[in-house]
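I'm opening my notebook on this one and jotting things down as I look them up.

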Amino acid sequence: MEIRLKKVTLEQTKTPPETLSGVVFGTVFSDHMFSMEWGEGKGWHSAQIKPYGALRLEPSSMVLHYAQMSFEGLKAYKIESGKHALFRPRENFERMNRTAQRMCLPELDTEEVLDALKQLLRLDSRWIPDEDGTSLYIRPVILATEEAIGLKVSSKYLFFIILSPVGPYYSQGFNPVNIMVSEKYIRAVPGGIGFAKTGGNYAASNLAEKEAKELGYSQVLWLDALERRYIEEVGSMNIFFVINDCVVTPMLTGSILPGITRKSVIELGKHWGLNVEERRVTIDEVLKGLENGSVTEVFGAGTAAVISPVGMLAYKGQDFQVGKGETGPVAIRFYKHLTGIQYGKKSDPFGWLELI
Ligand SMILES: Cc1ncc(COP(=O)(O)O)c(C=O)c1O
């Protein structure tokens with residue numbers, strides 16, 4: 001793929017924040033972005049790296065009406081050796097292609113787009129922060145851009161990648177969060193788009209998240225749509241339980257996002273010889289287990305937060321404390337090991353790091 005390069009001028013050049021403490025996640029953007037367009041008979045074309053800036057979209061652009069889109073989230077790190085690296089980036093572009101199939105979007109050439117991302121990152125490498133716990137969050141997006149409001153599959157698309165230096169996802173840092181189980185709302189249905197990383201899933205989640213926050217909980221734990229018994233995932237993370245020393249996570253049923261951190265936790269846990277199970281988990285099993293002590297830890301796993309211990313689950317107006325409400329040893333072990341690999345501090349037997 002040939003990429004046209006238009007760099008920022010001296011006046012347009014921005015200064016990365018000196019520190020990311022106090023900077024809200026995903027609110028600062030680097031100097032440049034990557035973009036390309038797709039048209040019928042042309043495929044992907046007009047690839048360019050250009051100054052970060054506003055898109056030119058007609059108000060009739062199809063994505064603004066019918067939400068035909070996909071996005072991804074991955075991170076670049078400054079690693080121990082002083083080099084820069086990505087964590088399992090192919091997994092994100094492969095997931096984006098699975099989302100693309102479901103949302104009738106054109107697929108990407110994983111290697112070409114990864115190469116474009118690396119070129120963008122090399123140009124904006126001074127935006128990859130090196131403070132502890134920080135990284136450069138990468139947001140690839142595909143949008144339907146045909147200017148027509150008749151309902152159909154778009155014939156034009158825009159793909160872009162923007163970069164945002166970020167600190168830890170939760171302002172509390174690596175400390176337990178309190179989560180509310182949603183009984184009233186559901187996120188995804190069988191046969192729907194739950195497994196896809198597309199804006200509609202998040203728009204559908206907002207009200208529950210807002211109500212949970214008003215009650216003092218930081219996120220929502222979703223149950224299955226049909227029986228409201230089976231645990232699915234959290235707003236932006238997959239969920240894990242330590243039950244009788246076994247690491248358990250809900251199996252992928254089509255309404256859960258197949259997280260790359262989830263996959264990494266499962267692979268790492270098995271590599272360590274832990275019992276790891278992907279199966280259906282009911283809310284009753286977990287709440288009973290919290291009461292009788294068989295459930296000793298609950299933690300979320302996702303790119304933004306990496307591992308996020310859960311200190312309390314609220315269900316039907318009742319709070320259920322997890323253990324002593326403190327971060328447990330299994331969550332700590334996964335957090336230390338995953339971040340150790342991501343920052344090049346621990347050996348990477350799986351080849352998860354991709355140098356930029
Ligand atoms: C709904 C949802 N579940 C799970 C995850 C975790 O996925 P990953 O580990 O690939 O970031 C995310 C974040 O991307 C998410 O938005």
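**Around the ligand**

I started with the ligand and found that helix H6 (260-271) and strand E15 (295-302) each supply at least two residues of the shell around it. My helices (H or I, at least four residues) and strands (E, at least two) are DSSP runs, numbered from the N terminus.

Before going on, I noted that this is a predicted model, where local features need pLDDT of at least 70, side-chain atom pairs count only at pLDDT 80 or more, and totals for chains, interfaces and linings use all residues. Residues are numbered from 1 along each chain as its sequence is written, and side-chain values use heavy atoms, with hydrogens and water left out.

How many residues surround the ligand? I got 16, the closest being Arg-95, Tyr-202, Glu-233, Thr-261 and Thr-303; a residue is near a molecule if one of its heavy atoms lies within 4 Å of it. By class I listed 5 nonpolar, 7 polar and 4 charged residues in the shell. Here Ala, Val, Leu, Ile, Met, Phe, Trp, Tyr, Cys and Pro are nonpolar, Asp, Glu, Lys and Arg charged, and the others, Gly among them, polar.

Next I checked polar contacts (a pair of N or O atoms within 3.5 Å). Arg-95 has a polar side-chain atom 2.8 Å from an oxygen atom of the ligand. For Lys-197 I also read 2.8 Å, again from a polar side-chain atom to a ligand oxygen atom. Glu-233 puts a polar side-chain atom 2.5 Å from a nitrogen atom of the ligand. On its own the ligand has 380 Å² of accessible area, and the protein covers 96% of that (Shrake-Rupley method, 1.4 Å probe).

**Strands**

I then turned to E3 (residues 43-51), which pairs with E1 (residues 4-5) in the parallel sense over 2 bridges. Two strands pair if DSSP finds at least two bridges between them. With E2 (residues 32-39), E3 pairs in the antiparallel sense over 7 bridges. Ile-49 in E3 stands opposite Leu-5, and Ile-49 is also the bridge partner of Phe-34. E2 and E3 make a hairpin with 3 residues between them, and Gly-41 in the turn has a positive phi of about 80°.

**Positive phi elsewhere**

Asn-244, with phi near 45°, is in the loop between strands E12 (238-243) and E13 (246-250). Lys-316, with phi near 50°, is in the loop between E16 (306-315) and E17 (318-321).

Are they buried or exposed? Asn-244 counts as exposed because its relative accessibility is 59%, and Lys-316 counts as exposed at 57%; the cut-off for exposed is over 50% and for buried under 20%.

Terms used: Buried < 20%, exposed > 50% of the residue type's maximum accessible area, 1.4 Å probe, protein only. Polar contact = N/O pair within 3.5 Å; in protein donor to acceptor, adjacent residues only side chain to side chain.
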